[in-house]
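Dear colleague,

I am handing over the structure below, and after it you will find what I noted while going through it. Please keep it open beside this email as you read.

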Amino acid sequence: MSTTVTPSPADRDVSESPATGPRSLGGSGRELLNRLRSGDLGSLRVLVLLAIIWTIFQLQENRFLSSVNLVNLSLQITAVGLISVGVVLVLLLGEIDLSVGAVSGLCSAITAVLSVKHGWAPVPAILIGVAAGAAIGMFQGFISTKFGIPTFVVTLAGLLAWQGAQLKVLGNTGTVNLRPGLLTDLAGKFLSDAAGWIAAIICVAVYAAMAVVGRQRRVAAGLTAPPVVLLAVRIGAVAVAALLWVWIVNQDRGLPVAVLILIGFVAAFDFLTRRTVFGRHIYAVGGNAEAARRAGINVFGVRVIVFSLASSMAAVGGIMAASRLLAVNQSSGGSDLLLLAIAGPVIAGTSLFGGRGNVWSALLGALVIGSISNGMDLLGYSSPTKFMVTGAVLLGAVVLDSAARLGRQRTGRV
Amino acid sequence: MTETSPRTDGTPLLEVRGITKRFGAVRALNGVDFRVMPGEVVGLVGDNGAGKSTLVKVISGIHPADEGEYLWEGRPQNVAAPQDAVDLGIATVYQDLALCDNLDVVANLFLGRESIHGGLLDEVAMERKANELLAELSVTTIQSVRGEVGAMSGGQRQSVAIARSLLGEPKMVILDEPTAALGVSQTEQVLRLVERLRDNGLGVIVISHNLADIFRVVDRIFVMRLGANGGEFDKKAATPEEVVGAITGASERKPEGAATR
């Protein structure tokens, strides 16, 4: 069987080369424009947004892009970024989890109490905290799917209940201070300059190897492959970004371990969603649950596992937040944490309507929100202004998302 | 088989006899006889509520029949669930197509039966097989199997849905209103695809309201009326007027087959 499709004369709809023909540069340029317009390139859009924000703040205050401040910024976004990773999975289903903030507070409280009041070693304490998150998510996913209740309501109930549980776990004092050790090192440790370089080089090498091997497999199978130039540009961009960043942070305290943890989780979940059968099924359920069910996908199981993963990541983020604060108190996981964790991925292009988006939007979204907050702090604005600006950016992002959806509908794409 | 059909020799691929289906007090099907030969396209027509969908649901195992025989390649079968019909080799393409608009053609084709290589999705194998499958079906209107299905026209989407049903290597395909809401050239695409299925030796059931499409592509027309056989026509020997008459009940005559009512 040949893999080349030969058009028959009767076809009137054929306007471009068939599936396996070599893709011309002009064709991919047009495609790029189309995708930009229809909002599919959320990541590129958010990079432009980020560049604008950074330029504005840098012009106002030249400490903004200093190495000290960039290290601070990266530390500020780790907790919310980790929580957002789980939120992305839930958003991909077209659902929402309003309990992630409360769950992050409760699970970090569990870890802190086990570690400080009961003298547990850090690793088991962290594992129990994350396991508690997994169990909570499993419960919420089960209840909402089993009884057909909107996840909005179930997780709203969870928000209240887990907040109460957090106060109970923390006990009368209301605050548990962490002892120095692994728990405080999560957010407080930095790699040495050399280790930072090695980490960056390993990341770039892994990325390049995967990209090259993936392309070779496609070429070997006779499929269309991205042009070598495009591949080189992509690898080059990743390499420049990684090395430049390590060079900058090495001027200051070095590469924060917390950032490596964040990038590690983002990369792992990106791999899970794009390369595994389970990830494919998440997108399918988010795109058309009925079609997924008829294709034999266990929709119930996918939903329960996704909610479980989301709450686990909320726990991980909560523990990271505790490590940064050096304590867990009654307001841990409260305030605007939940809202920022959901707003981030949406700003960075993950659709609220399900099925569209990617895990990297958790990192990029946290970076956008973190940059606004950090920059306005530097400029001496108070929280009211910060909240209003962040709210305006979120509204703008949601409008873009909806506009992209309407655009798809207009061009016949639902 | 003790009984051969009047028109064709050999064993029917599918034969149901005396199928009755009740929903509470409502008799949706009342002693329906129906058969499909290998490599034959049967058009299933009838007015709304005549029982076309119910018959198809009995055949595809969604609603098991209350009474009647179900023979597959001459052997009696108990088809009580959709999976039973799938296991026999019956694929059904429903009107809503059940595609995920946010996924590309490859992902939709292989949804629920993804190829795996080393525990991960084997995109290369799936994409290759998708290209082969579409080439085999002479589907040339889909430019890239990496295109999002939501961005495609009705005819392209129908082609994807039909191609997907063929991945399980069925012996019979049921198409529910495959040309509804399609334009002229799109309809042509889908009808050519139906012909391709017949050329590959598959039995095909086409449900349609559009008699022009039915006459264009089927070999035999089976009319349902009020939950029972309303007449059966060889396409070559029938006129659209006769078929319309059988659908509406205006003419109580049919050239062949049995109206049991």
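This is a predicted model: local features need pLDDT of at least 70, side-chain atom pairs count only at pLDDT 80 or more; totals for chains, interfaces and linings use all residues.

Let me begin with one pair of residues in chain B, where B:Val93 stands opposite B:Leu175 in strand E9. Residues are numbered from 1 along each chain as its sequence is written, and chains are lettered from A and ligands numbered from 1 in the order in which they are written.

**The six-stranded sheet of chain B**

Strand E6 and strand E9 (residues 172-176) of chain B pair in the parallel sense over 4 bridges, where pairing requires that DSSP finds at least two bridges between the two strands. Both belong to an open sheet of 6 strands in chain B, which has mixed pairing and the order E6-E9-E10-E3-E11-E12. Because E6 (90-93) and E12 (228-234) of chain B stand at the edges with a single partner strand each, one side of each is left without a neighbour in the sheet. On average, neighbouring strands of this sheet are turned by 20° against each other, direction ignored.

Helix H1 (residues 52-59) of chain B touches E3 (41-46), E6, E9, E10 (203-207) and E11 (220-225) of chain B, and its direction makes about 150° with that of E9(B). Helix H6 (residues 184-199) of chain B touches E3, E9 and E10 of chain B, and its direction makes about 155° with that of E10(B). For these angles, axes are lines fitted to C-alpha atoms (for helices over the stretch in contact), and the angles run from 0 to 180 degrees between N-to-C directions.

How many residues of E11(B) are buried? In E11(B), 6 of its 6 residues are buried, where buried means that 20 or more other C-beta atoms lie within 10 Å of a residue's own (12 or fewer counts as exposed, in between as partly exposed, with C-beta atoms placed from the backbone). Both faces of E11(B) are covered, with B:Arg220, B:Phe222 and B:Met224 on one side and B:Ile221, B:Val223 and B:Arg225 on the other. E11(B) pairs with E3(B) in the parallel sense over 5 bridges, and B:Leu44 stands opposite B:Phe222. With E12(B), E11(B) pairs in the antiparallel sense over 6 bridges, and the bridge partner of B:Ile221 in E12(B) is B:Phe233. The hairpin of E11(B) and E12(B) has 2 residues between the strands, and in this hairpin B:Leu226 takes a positive phi near 55°.

**A glycine in a loop of chain B**

B:Gly201 lies in the loop between H6 and E10 of chain B, and counts as exposed because it has 11 C-beta neighbours inside 10 Å. Although B:Gly201 and B:Gly39 are 162 residues apart in sequence, their C-alpha atoms are 4.1 Å apart in space.

**Helices of chain A**

Chain A has 16 helices and 2 strands, and buried residues make up 41% of its 414 residues. Helix H4 (residues 100-116) of chain A has 15 of its 17 residues buried, so it is largely enclosed by the rest of the structure. Helix H5 (residues 122-146) of chain A has 25 residues and reaches 36 Å from its first C-alpha to its last, close to the 36 Å expected at 1.5 Å a residue, the expected span being 1.5 Å times one less than the number of residues. Among what covers the buried residues of H5(A) are H4, H6 (151-170), H7 (182-188) and H13 (299-325) of chain A.

The axes of H3 (residues 67-92) and H9 (residues 228-251) of chain A come within 7 Å and cross at roughly 110°. H3(A) and H9(A) are therefore roughly perpendicular to each other, a term for angles of 65 to 115 degrees (under 35 counts as roughly parallel, over 145 as roughly antiparallel and the rest as oblique). The contact is made by A:Ser67, A:Leu70 and A:Val71 of H3(A) and A:Ile248, A:Val249 and A:Gln251 of H9(A).

With best wishes

Note on methods:
Two residues are in contact if their C-beta atoms, placed from the backbone, lie within 7 Å.
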